[in-house]
Structures are given as C-alpha cells and as structure tokens.
Amino acid sequence: MLLELAQEQKMLQKVIRDYATEKILPEIDEYVQSSTFPTEMIKGLAEIGVMGIPYPEEYGGLGEGMVTFALALEEISRVDASVSAIVMANSSPATLINLFGNEDQKHRWLTPMITGQFIGAIGLTEASGGSDTAAIKTRAEKVDQGWVVNGSKLFITNSGNELNGVAVIAAQTGEKNGKKLTSSFIVPRHTEGYIVGPKIHTIGWQAADSRELTFEDVYLPDDCLLGEEGSGIRQLLTSISYGRISIAACALGVAQGAYEEALEYAKIRQAFGHQISKYQGVSFKLADMATQIDAARLMVQRAAKLADMKKDFRKEASMAKLFATEMAMNVVHQSIQIHGGIGLSKEHRISKMLGDAKLLEIVEGTSEIQRMYIARLLGC
Ligand SMILES: Cc1cc2nc3c(=O)[nH]c(=O)nc-3n(C[C@H](O)[C@H](O)[C@H](O)COP(=O)(O)OP(=O)(O)OC[C@H]3O[C@@H](n4cnc5c(N)ncnc54)[C@H](O)[C@@H]3O)c2cc1C
C-alpha cells in the first residue's frame, strides 16, 4: 500500500500546521486554563475547510478522504487536543448523516456542520454506561407524524457552546422479535424540552465542551429520524470506525507534540555538566518515542487509506485507535519524565497533555472495548 502523500495533501497539511502554530498555539493555554470554548479558532478552522475535509463537495465538503482528515487532526492535536476534539466530535454526527441521511437531511444538517455555520454533537453515552451501547435507556415513542423523546445523555462533547446547532442521539424505539430497537434521531438545538446541562470539567480537553443532555417530552417530527427505525446500532457500528481513525490521529498529534517538547528540552537542559540528551537514559527514551510515533502513524494512515478505498477497515481502525492512544499515554509520560519537575507545572503545556492522552484512551471505545472488538474480528 502506497502511503506517500499527494501534493495537495501536503499543501493542506502545511496550511493547517501554519494555522495551528500561528493562531492556536499562542492563545490556547488561556482557553485551557479557563475552560473556555475557543469559538474563533473553530470558526477559523472551518473557514480553511477543515470541518469538511472528508465529505462530498456537493454538500460543501472538500471531497478529500480520511487520510487527509487524519493529517489535519494530527496537526491540530500536536498543538492542542481540545481543539482537535471539537473538530473530531463534529465529524461524528456529520459522518452519520453523510452515510445514512436522506438528501433533505444532508442539505439541512450536514452542509452547515461541515461549512462552519454550526457544529454538531453525538449523543450515545448515558449515566448507566457508555461501552454497552445496547443498554441505553433514552426512549423515543412514536406519535402522530413524529416522536417524543425522554431520557438523558452524559459527556456529550460540543453540545452546549454558542456554535452548537444540532445533536444526533441514539434512543430505544421499542422491540421486535424480542430484540430492542435502537434508532438515531437528529435533535435541533433549542427544541422545547431539550435541556443542556452545565459543562463537565475533565482532566483533558479542558477547552472543549462536554455536557449532560436531558430530554423531557421532546417532540421531533418524522424527518428527524435518521435512516430506518431500528437501524441505530448498525449505523453506529459503521460510523464509529471512522471516529476511531480520528481519535487515533488525535492521539498521534498529542504524542508528536509531547515528543517534540521533550527533544527540544533535552537538547537545552544541562545536568552534571552535559546536555541531558547526551545521556543514554534520556536519548533511548527519545528513540523509543520516535519509533512508537512512527508505528502509530503508519497504522493510522493504513486504516484511513483502507477507508478511502472503501475496503473493510474496521479491524485496522480499532487497532490504530488502541495502539495510538496507548502509545500517546506512554510518550506523554516519558516526555514529562524528561522534563523533570517543570513538566509537572500546570503552566507547562506538557502537563495538560497527560489528561488529553488519558481521555483519548477512553472515548470512542476504551482500550478494553477495542481489544474485545479486534478479538471478535479475529474470530475469537
Ligand atoms: C471528555 C469526554 C467526552 C466524551 N464525549 C462523548 C460524546 O461526545 N458522545 C458520547 O456519546 N460519549 C462521549 N463520551 C463518553 C465516552 O465515550 C465513554 O466514557 C466511554 O465510551 C466509556 O464509557 P463509560 O464511561 O460509561 O465506561 P464503562 O462503559 O462503564 O466502562 C468502565 C470500565 O469498564 C471497562 N469495561 C466495560 N465493559 C467491559 C468488558 N466487556 N470487558 C472488559 N472491560 C470492560 C471499560 O473498558 C472501562 O475501563 C465522552 C467522555 C468523556 C470523558
């Protein structure tokens, strides 16, 4: 498989790298420290087309694929993982609507989400559990020309900021032949009974926006049902593999940023009369970090390339997510070690990367869930 980037991909990568370095890096720490949503940065990324990278041009996207989107997420995450989380979280409902929405839904919801008019959220997790997708309790009852939704969702990223315009949520819609039916619904922001809770503060993604959502007799017209009733789990399992590539790319960026910080620091920090990079105890750590990052990048590109070629990429996406997120946790840990005490200062960007890396191991399926899924695809 040829992994050489095309000229246009390299150009877009440079545009995003420049944006991340010039517009995000100088200011993002203030947003992270104050847990403030970086509205203008997200608008700026939308203006250069980042939100629309993998989506068809006819709906306002760039018509590029997952390889290019992964490059973009890596570049943003290299500077800050909250910002890449917002882009990634917007892509989850966008991908669902792109794959399963009808023409009207795509024009009404996908186009604004990928051209920066508003951003979307995906609502799957509930207080009762996130890994066990079949256990959701939110219910949608069929009524005349629509549905009435009751229930709640937890940790829903992108759901409460001023740019949010929509959430796609999963809800139970009854039973067929003794099996629960799960369906996906498009829920416009500001629908009556749709209550957005306060921001949940986490140890990573501090500038992003994760909240509890409550639905109290929320009426949704029939055209808010995504695809067929009962196809929610199938839709989710299809789209989640795209999300796993995205999370793996975010992890790759975090690791790359942490490694670059460590390398730079090791070259200037002196101990016992020498640069610490001269000591094998430090340089071997850097060699391992660079090697692990390289391996993860190849895995992310392979999964993304398979997705772009419309081949089965589920196993490769899960493997990339598992490896890249655990790798990022390890690389950040080693980078802090190389920084010594200063790496634990809250003012140093390396310290916030620890929370970001840990978060990436949990979202879009924990490491345990990835191992379960990979083992199942291996035939275990
Ligand atoms: C900041 C943040 C943002 C998020 N954004 C979103 C979002 O936008 N939309 C959304 O829907 N969700 C979101 N989530 C939720 C996230 O996807 C879930 O937290 C994650 O899927 C894990 O679910 P859980 O927290 O309920 O853990 P649980 O499912 O309760 O799992 C707890 C532990 O048990 C392990 N476990 C569970 N089942 C098994 C098993 N069968 N075998 C072995 N181990 C098992 C898990 O791996 C984990 O270690 C977000 C979470 C956070 C923290």
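Mentor: An angle between two helices runs from 0 to 180 degrees between their N-to-C directions, and each axis is a line fitted to C-alpha atoms over the stretch in contact. The model before us is predicted.

Trainee: At what angle do helix H6 and helix H8 pack?

Mentor: Helix H6, residues 232-268, packs against helix H8, residues 314-339, at about 20 degrees. Their axes are 8 Å apart.

Trainee: How is that angle to be read, as roughly parallel or roughly antiparallel?

Mentor: Angles under 35 degrees count as roughly parallel. H6 and H8 are therefore roughly parallel to each other. Their crossing is left-handed. The contact of H6 with H8 comprises 20 nonpolar, 6 polar and 4 charged residues.

Trainee: Into which domains is the protein divided?

Mentor: The division gives domain 1 (7-119), domain 2 (121-232) and domain 3 (237-377). The centres of domain 2 and domain 3, taken over C-alpha atoms, are separated by 31 Å. Where these two domains meet, 5 residues of domain 2 are in contact with 6 residues of domain 3. On the domain 2 side, 2 of the touching residues are nonpolar, 3 are polar and none is charged.

Trainee: How many residues surround the ligand, and which are the closest?

Mentor: The ligand is surrounded by 22 residues, the closest being Leu124, Thr125, Gly130, Ser131 and Thr366. Strand E1 (119-123), strand E3 (146-157), helix H9 (349-362) and helix H10 (367-377) each give two or more residues to this shell. By class, the shell has 12 nonpolar, 9 polar and 1 charged.

Trainee: Which domains supply at least three residues each to that shell?

Mentor: Domain 2 and domain 3 each do so.

Methods. Residues numbered from 1 in each chain as written. Predicted model: local features only at pLDDT ≥ 70, side-chain atom pairs only at ≥ 80, totals over all residues. Near = placed C-beta within 6 Å. Helix = DSSP H or I, 4+ residues; strand = E, 2+ residues; numbered from the N terminus. Nonpolar A, V, L, I, M, F, W, Y, C, P; charged D, E, K, R; others polar. Domains from an automatic or database assignment. Parallel < 35°, antiparallel > 145°, perpendicular 65-115°, else oblique. Left-handed = near helix turned anticlockwise from the far one by under 90°. Contact = placed C-beta atoms within 7 Å.
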